[in-house]
Amino acid sequence: MVDKTVGMRGLWPQLLEVVKKRRRFTWILLDQNASVRSYDGATLTLAWINQGAVDNFLSSGSPSILEEALEELLGRPSAVKSVVEGKPGSLTRLTPANPAPQVQVSVAVTAPEPSPQTAERATDTLHRVLGQTAFLMHEQGHSQAAALLTDVEDVELVPGNRFGDWEDAVLIVPPYLVPRFTAEVIAAIQPVLTHVAGRHGLEINGVSAAPALPDIGDDWRQVLQEGLAKGTASNQGSRTRARGVAPALSKEGFVFDSREEMLVYEALKRAQAELPPDSTISIFPLPMGRVGVGNAWTPDFLITMAGRVGIVEVDGPHHQKRFAADATRDRQWRNSGIVHIERILVEETSADADLDALVKQFLTRLSVFR
C-alpha cells in the first residue's frame with residue numbers, strides 16, 4: 001500500500017476537531033497522548049506516550065469514535081492500531097538542586113513578548129495538566145468531576161492577587177455547564193489540579209469555572225434576532241436554548257440540559273418500546289408550564305400513561321443544597337394535579353440497567369397508584 005503518513009499528519013488537527021465534536025473524552029486522550037506514527041490508506045497507527053493512555057483509549061470505546069471520525073473526514077473506512085513509543089521530552093523544573101542562573105545587568109531591560117511557539121507550548125502544558133487531572137480524578141473515584149473536566153474547552157491563567165504572586169486556573173466551559181461546577185466539585189478538583197500543575201512547574205492556587213465566550217461575526221445582531229424568533233416558536237427547552245445549547249445535547253429535535261438527561265431520555269424510550277402500542281407512554285422533555293401559584297416552571301420530563309401524568313427530574317449535586325426548595329416545588333406540582341414525581345440522581349445514570357429499573361418502577365407506580 002502507498003504510504004500516506006505525511007498527508008495524515010497534516011490532517012491530524014482537522015481529525016481531532018471531528019473527534020472533539022463526537023466525544024470530548026476521546027479528543028483529550030488523543031490530543032494529549034497520541035500522534036500519527038503511520039498511515040497506509042487503510043490503517044492508522046498511533047504512537048502513544050505510555051501504556052496507561054493506550055489502556056484508557058481502548059477501555060473507553062474510543063477506537064470506534066476515531067474510526068467513525070476517520071470515515072467522516074476521508075470518506076472511507078480505516079482501521080486504528082496503537083503502539084507505545086514513550087514520553088516526549090519532559091519540562092525542566094527549577095529546584096534548589098538546579099537553581100536558575102543569576103545574571104546581573106547594569107541597564108534596564110524589557111522582557112520580549114512570548115513567541116507563538118512559546119505560547120503554544122504553554123497551552124499544550126495546560127491541556128496536559130487538565131487531562132492528567134481528569135484521569136487522576138477518575139482513578140480516585142471522582143467520576144462526576146472527571147466527566148465534567150472532559151467538557152472543559154480551555155484553561156486560562158489569571159493573577160491570583162494584584163501583585164501577581166501566584167496564578168489561578170479558570171476552566172472555560174460551555175455556559176450550560178457552569179452551574180455543575182459547584183463548590184463541592186471545585187473543592188475536589190483544586191488539590192488534584194494544583195498537584196499536577198506543580199509537577200509541570202506551574203504554581204496554581206485557585207480554580208474556578210467560567211462560561212466560554214460565543215463565536216460571533218459582524219452579523220451577530222441579525223443572527224441573534226433570528227435565533228430569538230425561532231426560540232419563541234416552541235416552549236421546548238427554551239431556557240436551555242437561551243443559554244446556548246451544545247450540539248451534543250440536541251437529539252431528535254429536542255434539546256437537553258445535560259448528558260444525564262439524555263441518558264434518562266434513552267431509558268424512557270427503551271421502556272416506551274417495550275410497552276404495547278395501545279397502552280404506552282408519551283415523553284415530553286423540558287416542557288414549560290404555568291403552575292397554580294403562577295410560576296412558569298420546566299420539569300425535566302413530563303410523562304403521560306393510562307390517563308395519568310408524572311414528572312421525572314434529573315438532580316445534579318446542586319440539588320443537595322436545595323432540598324427545601326425542591327420539596328416546595330414538588331408540593332406545588334402535586335397541588336396542580338401532578339402527583340407522581342420521580343427524582344433521579346445523576347450518579348444513578350451511569351449504568352443502563354440501574355436506570356432502566358428506576359424508570360420501570362416509576363412507570364409501575366404511575367400506572368397502578370393514584
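A: The side chains of Asp151 and Arg259 are joined by a polar contact of 3.1 Å. A polar contact is a pair of N or O atoms within 3.5 Å; within protein, one must be able to donate a hydrogen and the other to accept it, and residues adjacent in sequence count only if both atoms are side-chain atoms. This is a predicted model: local features need pLDDT of at least 70, side-chain atom pairs count only at pLDDT 80 or more, and totals for chains, interfaces and linings use all residues. Residues are numbered from 1 along each chain as its sequence is written, and side-chain values use heavy atoms, with hydrogens and water left out.

Q: Asp151, buried or exposed?

A: Buried, at a relative accessible area of 8% (the cut-off is under 20%, with exposed over 50% and partly exposed in between; 1.4 Å probe, protein chains only).

Q: Where does Asp151 lie?

A: In the loop between α6 (143–149) and β4 (154–159). Helices (H or I, at least four residues) and strands (E, at least two) are DSSP runs, numbered from the N terminus.

Q: Now the sheet. What order do the 3 strands form?

A: β1-β2-β3, an open sheet with mixed pairing. Two strands pair if DSSP finds at least two bridges between them. β1 (34–39) and β3 (79–84) are at the edges with a single partner strand each, so one side of each lacks a neighbour in the sheet.

Q: How do β1 and β2 pair?

A: Antiparallel, over 5 bridges, with β2 spanning residues 43–48. Val36 has Leu46 in β2 as its bridge partner.
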